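Please look at the structure shown here before reading on. The paragraphs below go through it step by step.

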Amino acid sequence: MDSARSDRPSASPAEADLALKILVAGGFGVGKTTLVGSVSEIRPLRTEEQLSLAGAGVDDTGGVEQKTTTTVAMDFGRITIRDGLSVYLFGTPGQDRFWFLWDELAQGALGAVVLADTRRLTDCFPAVDFFEHRGIPFVVAVNRFAGTREFGPEEVARALDLDGSTPVVICDARRRESGKEVLVNLVEHAGRVHAARLLERVGG
């Protein structure tokens with residue numbers, strides 16, 4: 001009896017853990033690297049390079065003239081929700097010329113956060129289109145910058161022509177608690193979306 005019990009394979013801690021993959025996307029200079037860094041419990045992996053004169057005619061820095069670096073591959077961070085449940089965060093590069101990386105990063109993602117800056121709201125349209133066309137659940141998080149006009153979630157949702165079920169939240173990407181609230185909103189939204197799709201398949 002004891003020998004039979006000892007012969008039974010047991011799951012290792014790594015096998016028992018559940019990891020959720022979440023993307024953080026949006027336009028150039030919107031705060032993706034800041035959000036990943038503020039919520040990550042580990043030192044985030046960053047692939048930033050200095051902006052150079054070579055990119056002056058390519059990267060639109062209007063409204064974010066103080067920005068001196070740019071993500072050229074991805075940002076990576078991790079946050080533990082509870083024992084056995086972790087979230088892996090992948091921040092995407094914002095410039096058009098790096099969008100070929102998005103498909104790779106999106107593989108297996110539970111959902112995405114689309115960061116928006118109301119000074120450059122049109123910059124997040126490509127990210128919204130990307131996730132809508134691939135059926136990846138997402139929330140729009142409006143990153144508030146000092147000195148900018150404030151808009152409510154309903155106004156932003158109308159301006160982006162979002163589906164009525166897509167959440168819009170206001171955040172400060174520099175604050176850990178604010179970033180965590182965004183992630184909680186996304187996980188809850190993604191859970192509802194995936195549950196509805198499962199019910200459709202079962203019912204169909």
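**Helices, a loop and confidence**

In this predicted model, helix α5 covers residues 125-133, and its buried residues are Ala127, Val128, Phe130 and Phe131. Viewed along the axis of α5, these buried residues lie within an arc of 160°, so they line one face of the helix. An α-helix has 3.6 residues a turn, so residues three or four places apart point the same way. What do the buried residues of α5 pack against? Their partners are β1 (18-26), α4 (102-106), β6 (111-116) and β7. Just after α5 comes glycine 135, which has a positive phi of about 65°.

The next helix to consider is α3. It is mostly covered, with six of its eight residues buried. These are Lys32, Thr33, Leu35, Val36, Ser38 and Val39.

Two packed helices are described by the angle between their axes and the distance between the axes. For α3 (residues 32-39) and α7 (residues 176-203), the axes come within 8 Å and cross at roughly 100°.

Now turn to a loop. Aspartate 161 is located between α6 (153-159) and β8 (168-171). Is aspartate 161 buried or exposed? Its relative accessible area is 65%, and a residue counts as exposed over 50%, so aspartate 161 is exposed. Its phi is near 55°, a positive value in a residue other than glycine. Most residues other than glycine have a negative phi.

The protein has a mean pLDDT of 82, and 75% of its residues reach 70 or more. Confidence is highest in strand β7 (residues 138-143), at a mean of 98, and lowest in helix α1 (residues 2-7), at 47. Across residues 1-15 the pLDDT is below 50, and this stretch has one contact in the model beyond near neighbours in sequence. Residues 50-59 also stay under 50, but here the model has 13 contacts beyond four places in sequence. Where pLDDT is low, the predicted coordinates should not be read in detail.

Terms used. Residues numbered from 1 in each chain as written. Predicted model: local features only at pLDDT ≥ 70, side-chain atom pairs only at ≥ 80, totals over all residues. Heavy atoms only, no water. Axes fitted to C-alpha atoms, helices over the stretch in contact; angles between N-to-C directions. Helix = DSSP H or I, 4+ residues; strand = E, 2+ residues; numbered from the N terminus. pLDDT = per-residue confidence, 0-100. Contact = heavy atoms within 4.5 Å. Buried < 20%, exposed > 50% of the residue type's maximum accessible area, 1.4 Å probe, protein only. Arc of directions from axis to C-beta.
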